[in-house]
Amino acid sequence: NYLIKNAKRVGIDTFIVDYEMPSKRYRENIALLKQNGINYVARITMFPDGGTPKQITTPEIWQAKYALVKQAVDLGANKIQLDYIRYNTKQPPSSEHSKNIYKIIQWYKNKLVAQNIPLEVDVFGVTSLGESKHIGQNLVLFSQSVDAICPMVYPSHYVPFPKHFKEPYQTVYNSLSLIKKQFDNKMPMKMYAYIELSNYHYPMNREKTLAYIKEQIRAVKESGADGWYAWSPHNRYDNLFRVLDGTQE
């Protein structure tokens, strides 16, 4: 109720809610979202920590996750967002990795298109540089089946860490611009950037934290992306609400 109240006050229209198992409490909370006119995006973790070659090429494993997707749709999900849909980072590079991941995406898309439910996938920020052959993420390939990509352009995840901590605007803006460049600035899908509400490498006081968040939001807007999602590992959003109190964006 607290999150809904403040989200509505500052103009937030979407919640991403993890879905791992059905429960009465979960259903009640989703009903609250729907009653308040907030879009419910169900986040499904495909391969925790990234998949092994065996997991990713075993249809029974990723097909089993569709049970969660179906339940989320039945609860009223406006979109399905697949996270950790990639190989783990220990894999040697291979051009086959992205193709294998794409087969899974395509399978999910075929299921969801009949229900008119958009499909989003979360991707590493490194994909702004092109295909990542280690984890198997290729935006140009994925664009053939996804409705939106959600690049995790967290400044805390870019090296050198001190540089990107000090340059949140440039980090986010440059990453999103490079993604658009892969499509000659004619995006065939939506792009919703993931920004972060803190930087785990460096502590910040409230004033600096608010500025850090504000710069990321400005970068998303000025890059021409379709919007943003805010990531907080502890579900603490008061600083985001404070920022949006002033911007109303």
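1. Ground rules. Because the model is predicted, local features need pLDDT of at least 70 and side-chain atom pairs count only at pLDDT 80 or more, while totals for chains, interfaces and linings use all residues. Residues are numbered from 1 along each chain as its sequence is written, and side-chain values use heavy atoms, with hydrogens and water left out.

2. A cis bond. Most peptide bonds are trans. The bond from Val 159 to Pro 160 is cis, with omega near -5 degrees. Pro 160 sits in the loop between strand S5 (148–152) and helix H8 (161–166). Helices (H or I, at least four residues) and strands (E, at least two) are DSSP runs, numbered from the N terminus.

3. Positive phi. Most residues other than glycine have a negative phi. Asp 184 has a phi near 55 degrees, and Asn 185 has one near 60 degrees. Asp 184 belongs to the loop between helix H9 (168–181) and strand S6 (190–196), and Asn 185 is also found between H9 and S6. Asp 184 is exposed, at 63% relative accessible area; Asn 185 is exposed at 55%. Exposed means over 50%, buried under 20%, and partly exposed in between (1.4 Å probe, protein chains only).

4. Helix H9. H9 has 14 residues and reaches 20 Å from its first C-alpha to its last, close to the 20 Å expected at 1.5 Å a residue. The expected span is 1.5 Å times one less than the number of residues. Its buried residues include Tyr 169, Val 172, Leu 176 and Ile 179. Among the elements covering the buried residues of H9 are S5, H8, S6 and helix H10 (206–223).

Conventions:
Contact = heavy atoms within 4.5 Å.
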